[in-house]
Amino acid sequence: MKYSRVTLRLAVATLVLASMTAQIPAANAQGKTTTVKAYVLDSACAFIKNLKKPVSPECAVACAKAGSPLVLLTSGGAIYWPISNETPAKGQNDRLMEYAGKQVSVAGKVFDKGGSHAIVIEKIEAAPVGK
């Protein structure tokens, strides 16, 4: 009899722990509103050339027009992928094109998964020059 009570308690404890663990990703999936100060540049340059900032606005625009997704690169080297919260999802290049090659301040919901960062942009504006 004692064996079955111990087994039952262990099973209940496992189920409780599993349900608590299952709720953690759901909370992270909601996103946290954050403001990010970053440069807008094409994703290929951010990775392949290991740039700290864009070469020029013209270069970033040319790459974006050729199909390279624009990303946000912070001074600390973090890259944020601008994403859509719509279904079907839409690319964000059109929204970012006027800021290509420039520094911006972006407010939105940030999602982290597997070491990657994504942001659903709620507000974007050019960062003050020289700051």
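Asn50 is exposed, with a relative accessible area of 56%. In this predicted model, Asn50 sits in the loop between H2 and H3. Its backbone is worth a look too: phi of Asn50 is near 50°, a positive value in a residue other than glycine. Most residues other than glycine have a negative phi, and most peptide bonds are trans.

Thr87 and Pro88 are joined by a cis peptide bond, with omega at about 0°. Pro88 belongs to the loop between S3 and helix H4 (93-96).

Now for the overall layout. The protein has four helices and five strands, and read from the N terminus on, the elements go α-β-α-α-β-β-α-β-β. Of the 131 residues in the protein, 31% are buried. If you count contacts with a separation of 6 or more, 64% of them come from residues 24 or more positions apart.

How exposed are a few individual residues? Here are four of them, with the class each one falls into.

| Residue | Relative accessible area | Class |
|---|---|---|
| Asn50 | 56% | exposed |
| Ser68 | 14% | buried |
| Ser75 | 78% | exposed |
| Trp81 | 30% | partly exposed |

Take Ser68 from that list. Its 14% relative accessible area is under the 20% cut-off, so Ser68 counts as buried. You'll find Ser68 in the loop between helix H3 (57-65) and strand S2 (70-73). Leaving aside residues up to four places away in sequence, Ser68 touches Asp42, Ser43, Ala44, Cys63 and Asn93.

At 78% relative accessible area, Ser75 is over the 50% cut-off, so Ser75 is classed as exposed. Along the chain, Ser75 and Lys52 are 23 residues apart, yet their C-alpha atoms are separated by 6.9 Å.

Next, the aromatics. How many aromatic pairs does the structure hold? There is one. The ring centres of Phe47 and Trp81 lie 6.1 Å apart and the planes meet at 25°, so the pair is stacked. This pair links distant parts of the chain, with Phe47 in helix H2 (residues 43-48) and Trp81 in strand S3 (residues 79-83), 34 residues apart. Trp81 has 30% relative accessibility, so Trp81 counts as partly exposed.

Finally, the cavity. The structure holds one cavity of 30 Å³ or more, and the largest cavity has a volume of about 30 Å³. Which residues line the largest cavity? They are Leu41, Asp42, Cys45, Leu51, Pro54, Val55, Ser56, Cys59 and Ala60. Strand S1 (32-42) and H3 are the elements that give two or more residues to this lining. By type, the lining residues divide into seven nonpolar, one polar and one charged.

Conventions
Residues are numbered from 1 along each chain as its sequence is written. This is a predicted model: local features need pLDDT of at least 70, side-chain atom pairs count only at pLDDT 80 or more; totals for chains, interfaces and linings use all residues. Side-chain values use heavy atoms; hydrogens and water are left out. Buried means under 20% relative accessible area, exposed over 50%, partly exposed in between (1.4 Å probe, protein chains only). Contact means heavy atoms within 4.5 Å. Rings of Phe, Tyr and Trp (its six-membered ring) pair if their centres lie within 6.5 Å; planes under 30 degrees apart count as stacked, over 60 as edge-to-face and the rest as tilted. On a 1 Å grid over the protein atoms alone, a cavity is a set of points where a 1.4 Å probe fits but cannot get out, and a pocket is an open set with protein on both sides within 12 Å along at least five of seven lines; lining residues have an atom within 4 Å of a point. Grid points are joined across faces, edges and corners, and a volume is the space filled by probe spheres set on the points. Ala, Val, Leu, Ile, Met, Phe, Trp, Tyr, Cys and Pro count as nonpolar, Asp, Glu, Lys and Arg as charged, and the others, Gly among them, as polar.
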